[in-house]
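Colleague: Thanks for sitting down with me. Could you bring up the model so that we can go through it together?

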Amino acid sequence: MVFGGRDMELTKNQIKMTKGVAILFMLLLHLFCTKTYEGLYIPLIFIGDTPLIYYLALFGDCCVAIYCFCSGYGLLISYKNNKENYIKNNLMRIFKLYINFWIILFIFVVILGPLMGQGESYPGTLKNFILTFTALDPAYNGAWWFFTTYIILVLLSPIINKVVVKYNNTLVIALSFIFYIFAYIQRIKGVIVLDNNILNWFIRQTSLLGTSQLPFIIGSVFAYKKVYSKLDNICNKIRYKNMVGILIITLMIIAHGIVQTLFVAVFTGVVFICTFNLMDKPKWLNNLLSYLGGHSTNMWLIHMFFYMIYFKELVYGAKYSFLIFPWLVVLCLASSYIVNLIYNPIIRNLNKISINFIERNQISI
């Protein structure tokens, strides 16, 4: 219990809703974060010579930071609640994600690639397919880089959680931030480039991990220290907290429009998560975002096949951003249902096998 107030941590549904916002940010970012919009879409509102939608899309670059924060937050709670089975549960979490990934890989690469006349690249070489299938070095889809990074974060999370619980959190975040700075420079500037492909792979994965671990660790610290509860108690004393929240988000969008660098995405992402969840929202919006959050993994893994690879003309054929964006959301959701028709029965059977295995072991004991 937080002294003098409520202990109101982020709930599973709030995390799910936040992921729903993050996937919308991701789609917005990838669709409209370009100033060379000619031939893609017709802007309606400009700020100077730049479409307004560009600045909104630019703010969406915090989407990965939001996902990482939510993952770090949720995994720290899982660690505290069930340390004995934590690693086993994480391995099962990763295996289920792989199954989801493989279904999408086969539908959108193995089947759809040749059907769309792009079989030379999708699936292309056996090497590319194996590296993607194992997630060692995913090809085919630029958004899939995070798949490998997420798996590494989950595998490292027992160590991260122990560090967060055992050591001074300010020091932990400070060291994480230093790692973030060096990783960001390497990721953006490519300072270290070697002649060895394997070593270059390690360097690239380290830089991607380095730029993702900071929001992950901040999420872990938030869960351990119950930071959100403290913010919630402060926020409840503010009379017009929704207006303040909208003002904060608006100012962040304006500031990021001035400082147009991915470096700040971690900070805008964390502030957005707190501000957005502390605001009072209508039930229909909560339900919509929760619904989108439930499909966010599929939408993340699928959306580039629509707007960039196979169906670019179909997506941008809507011409105007206010039509293109929901159109892509609908296409991704429809595809997500198809993927789930295959995924859900597999997971149900997998869960049954796990339960039967546990029951047999208990009987034998």
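Colleague: Which residues make the nonpolar surface patch of about 560 Å²?

Modeller: Keep in mind that this is a predicted model. Residues join such a patch if they have over 30% relative accessible area and no salt bridge, with nonpolar side chains linked within 5 Å. The residues that make this patch are Ile42, Leu44, Ile45, Tyr320, Phe322 and Leu323.

Colleague: Does Leu323 count as buried, partly exposed or exposed?

Modeller: Leu323 belongs to helix α15, which covers residues 321–364. Buried means under 20% relative accessible area and exposed means over 50%. Leu323 has 39% relative accessibility, so its class is partly exposed.

Colleague: How are the rings of Phe32 and Tyr41 arranged?

Modeller: Ring centres within 6.5 Å make a pair, and by this rule the count comes to 40 aromatic pairs. For Phe32 and Tyr41, the centres are 5.0 Å apart and the planes stand at 75°. Planes over 60 degrees apart fall in one class, so the pair of Phe32 and Tyr41 is edge-to-face.

Colleague: Which charged residue sits over the ring of Phe276?

Modeller: Phe276 is itself buried, as is Phe272. A charged end sits over the Phe276 ring, 4.6 Å from its centre, and it belongs to Lys281.

Colleague: Which ring does the charged end of Arg187 sit over?

Modeller: Here we look for a ring centre within 6 Å of CZ of Arg. The distance for Arg187 is 4.7 Å, and the ring belongs to Trp145.

Colleague: Stepping back to the whole chain, what is its radius of gyration?

Modeller: The chain has 15 helices and 2 strands, and its C-alpha trace spans about 65 × 60 × 50 Å along the principal axes. With 365 residues, a compact globule would come out near 21 Å. The value for the chain agrees with that: 21 Å.

Colleague: Lastly, what percentage of the residues count as buried?

Modeller: Here we take all 365 residues of the chain and ask how many fall in the buried class. The share is 47%.

Definitions and conventions:
Residues are numbered from 1 along each chain as its sequence is written. This is a predicted model: local features need pLDDT of at least 70, side-chain atom pairs count only at pLDDT 80 or more; totals for chains, interfaces and linings use all residues. Side-chain values use heavy atoms; hydrogens and water are left out. Rings of Phe, Tyr and Trp (its six-membered ring) pair if their centres lie within 6.5 Å; planes under 30 degrees apart count as stacked, over 60 as edge-to-face and the rest as tilted. Buried means under 20% relative accessible area, exposed over 50%, partly exposed in between (1.4 Å probe, protein chains only). A charge sits over a ring if NZ of Lys or CZ of Arg is within 6 Å of the ring centre and within 35 degrees of the ring normal. Patches are made of residues with over 30% relative accessible area and no salt bridge: like charges are joined within 9 Å, nonpolar side chains (Val, Leu, Ile, Met, Phe, Trp, Tyr) within 5 Å. Accessible areas come from the Shrake-Rupley method with a 1.4 Å probe; for residues, only the protein chains shown count as cover. A salt bridge is a side-chain nitrogen of Lys or Arg within 4 Å of a carboxyl oxygen of Asp or Glu. Helices (H or I, at least four residues) and strands (E, at least two) are DSSP runs, numbered from the N terminus. The radius of gyration is taken over C-alpha atoms; the globule rule is 2.2 Å times the number of residues to the power 0.38.
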